[in-house]
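Look at the model below with its sequence beside it.

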Amino acid sequence: MSKDRLFIEKRPQGDFAVRRPNSERASAVLPTQAQAIERARELNPATPPLVERVRYTSVGKPDQWRKP
């Protein structure tokens, strides 16, 4: 996996972290998933971020990853 890839993860506090693979700290922490996705796109416009599902839908459940 590329080091340039970014992940959007929901934190236990209820906000969302933008992280790189194997990082100890988040690149950014934002209050909404949409803001986190926007920030990840600003940090790396060439690669779409991987977004953790945070709710149940007809096509998935939490803890699955999708490209926005």
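## What covers the helix

Helices (H or I, at least four residues) and strands (E, at least two) are DSSP runs, numbered from the N terminus. Contact means heavy atoms within 4.5 Å.

This is a predicted model: local features need pLDDT of at least 70, side-chain atom pairs count only at pLDDT 80 or more, and totals for chains, interfaces and linings use all residues. Residues are numbered from 1 along each chain as its sequence is written, and side-chain values use heavy atoms, with hydrogens and water left out.

## One side of α1

Which residues of α1 are buried? In this helix (residues 33-43), they are Gln33, Ala36, Ile37 and Ala40. They sit on the same side of α1 because they cover an arc of only 100° around the axis. That arc is taken from the directions from the helix axis to the C-beta atoms. Buried means under 20% relative accessible area, exposed over 50%, and partly exposed in between (1.4 Å probe, protein chains only).

An α-helix has 3.6 residues a turn, so residues three or four places apart point the same way.

## The nonpolar core

A nonpolar core is a set of buried Ala, Val, Leu, Ile, Met, Phe, Trp, Tyr and Cys residues joined through side-chain atoms within 4.5 Å. The largest one here has nine residues: Leu6, Ile8, Phe16, Val18, Ala28, Ala36, Ile37, Ala40 and Val51. Helix α1 gives the most, with three residues.

Leucine 6 belongs to this core. Setting aside residues up to four places away in sequence, leucine 6 touches Val18, Arg19, Arg20, Ala40, Leu43, Asn44, Pro49 and Leu50.

Glutamate 9 is found in strand β1. At 27% relative accessibility, glutamate 9 is partly exposed. Its C-alpha atom is 7.7 Å from that of arginine 19, 10 residues apart along the chain.

Aspartate 15 lies in the loop between β1 and β2. Is aspartate 15 buried or exposed? It is buried, with a relative accessible area of 17%. Beyond four places in sequence, aspartate 15 is in contact with Glu9, Lys10, Val29, Leu30 and Pro31.

## An exposed loop residue

Alanine 46 lies in the loop between α1 and β4. At 71% relative accessibility, alanine 46 is exposed. Alanine 46 and aspartate 4 are 42 residues apart in sequence, and their C-alpha atoms are 9.0 Å apart.
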